[in-house]
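Please keep the sequence and the model at hand while reading.

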Amino acid sequence: MDDFTWQQKIQDRRRRRQRDIFLLAIVIACLLGTAIWYFRFYQHTPAYAMKQAVAAVEAHDVEKFKKYVNLPLLTSLAYDDLTLDLFAYDATLTEDSKVKFEKFYILVKPQLAGGTESVILRRVESGAWSLPSGTDILKGRQLGIDYERFLARSLIRNTTFLEVASVHRDGMGAVAEVKVREEDTGTPFTLDLALEQAKEGHWQIAYIKNYRAYLDAIAPRQNRDIADYIAATKDIVAAYNVKFNACRERFAATTVTKDGRLTEGQAYALASMLEKEVIPALKSRQEQLDAVPVPDGARYLAAQRRESTETTIAAWEHFIEGLRTGSPAEYAQAEVLHKRELAIDMRVEDIIRHTAISKDIPNIP
């Protein structure tokens, strides 16, 4: 090999090394630029906040969720929209009543909005919906509001997230268009989530700009389906109401005592009537109701009716056991279940009448 060829190979090798070093420098510069863009800029964008909020729900990361969602503000403004929507579909209220009830909604807003915030955080953490425990809102009718139904009317439990369609700046803030589906009616909808920048620099979901429009889009469909379902089951309910009213009169006549204590014969007669007539009638009515096709928007009402039947049967079963054994524990359990059944029945009545609030609202000074 001559000197020229050897020198040529050395020069080629040097050029390849220089090219490789140059390419490596470009790669490093790109990676460094991407890292700078990601950590200094992208992490402080509305799009990043939306991505992190979705990721927090999927990972059940409550702290991350609270960082990227201003939940106190969101639930507070959603509460205002929801209560206005409740009034819109209650034809039983006079103008004077509306003023009174609006004042009541303001009074109980901290409990209901705060309770809903807790419900959402537990949903993020566990992946399941559950009612709050150990709070005033569980007093339900004592507050004049059935919180279970209030939560159902909010649509949060049966709204399924589909995708973030877009995120764009809107003046000093930003808006994320989020596609969702309301599961009861199968209605697709696009929610506009307003994002605002927190003091720390990151963005947060602040409120739902068109939440009222979402409620207004779903409510007529639910009301139509509920009306159709009520019409389809009206004869069944009426026929069994006649039977239950007759049993109620016999029950009252059988329980008449001089000293407040049932005789052995009275206890036997009551247990026999409940076991052979009332409970079979409850089961028969529910079987007939279950045979009626339920429109999508009336599924919640149908489920509440079924729960009422099951709770009533369980209450009577404990009461029968109490009659036969004299067990105070059985009577106590029957009372607990009976109160639960009454609350469900009042909820069913409110749904049927489209009322905004329980008729048992406490006096407001």
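## The second largest cavity

The second largest cavity holds about 40 Å³ of space. The model in which it is found is a predicted one, and the count of cavities of 30 Å³ or more comes to 2. The lining of the second largest cavity is formed by Asp85, Arg153, Leu155, Leu215, Ile218, Ala219 and Gln222.

Helix 7, which spans residues 211-254, contributes the most to this lining, with 4 residues. By class, the lining of the second largest cavity comprises 4 nonpolar residues, 1 polar residue and 2 charged residues.

The largest pocket has a volume of about 990 Å³. Its lining consists of 37 residues, and those nearest the centre of the pocket are Phe65, Ile120, Trp129, Ile156 and Thr159. Of the residues in the lining of the largest pocket, 28 are nonpolar, 6 are polar and 3 are charged.

The second largest pocket contains about 820 Å³ of space. A total of 29 residues line the second largest pocket, with Phe244, Arg248, Arg285, Glu341 and Asp345 lying nearest its centre. At least two residues of this lining come from each of helix 7, helix 8 (264-290), helix 9 (299-325) and helix 10 (328-353). The lining of the second largest pocket divides into 16 nonpolar, 7 polar and 6 charged residues.

## Pairing of the strands

Strand 1 (residues 159-170) is paired with strand 2 in the antiparallel sense, over 10 bridges. Within this pairing, Ser166 stands opposite Glu177 of strand 2. The hairpin of strand 1 and strand 2 has 2 residues between the strands, and Gly171 in this hairpin adopts a positive phi near 65°.

Strand 2 (residues 173-182) also pairs with strand 3 (residues 187-197), again in the antiparallel sense, over 9 bridges. Here Val180 is placed opposite Phe189 of strand 3. This hairpin has 4 residues between its strands, and Gly186 takes a positive phi near 70°. Strand 3 is in turn paired with strand 4 (residues 203-208), in the antiparallel sense and over 5 bridges. Ala194 stands opposite Tyr207 of strand 4. The hairpin that strand 3 and strand 4 form has 5 residues between them, and in its turn Gly201 has a positive phi of about 110°. In a regular strand, side chains alternate between the two faces of the sheet.

## Asp184 in the loop between strands 2 and 3

Asp184 is located in the loop between strand 2 and strand 3. Is Asp184 buried or exposed? Asp184 counts as buried because its relative accessibility is 16%, and the limit for that class is under 20%.

The side chain of Asp184 makes a polar contact of 3.5 Å with the side chain of Asn158. Leaving aside residues up to four places away in sequence, Asp184 touches Asn158, Gln222, Asp296, Gly297, Arg299 and Tyr300. One of these residues, Gln222, is also part of the lining of the second largest cavity.

Terms used. Residues are numbered from 1 along each chain as its sequence is written. This is a predicted model: local features need pLDDT of at least 70, side-chain atom pairs count only at pLDDT 80 or more; totals for chains, interfaces and linings use all residues. Side-chain values use heavy atoms; hydrogens and water are left out. Two strands pair if DSSP finds at least two bridges between them. On a 1 Å grid over the protein atoms alone, a cavity is a set of points where a 1.4 Å probe fits but cannot get out, and a pocket is an open set with protein on both sides within 12 Å along at least five of seven lines; lining residues have an atom within 4 Å of a point. Grid points are joined across faces, edges and corners, and a volume is the space filled by probe spheres set on the points. Ala, Val, Leu, Ile, Met, Phe, Trp, Tyr, Cys and Pro count as nonpolar, Asp, Glu, Lys and Arg as charged, and the others, Gly among them, as polar. Buried means under 20% relative accessible area, exposed over 50%, partly exposed in between (1.4 Å probe, protein chains only). A polar contact is a pair of N or O atoms within 3.5 Å; within protein, one must be able to donate a hydrogen and the other to accept it, and residues adjacent in sequence count only if both atoms are side-chain atoms. Contact means heavy atoms within 4.5 Å.
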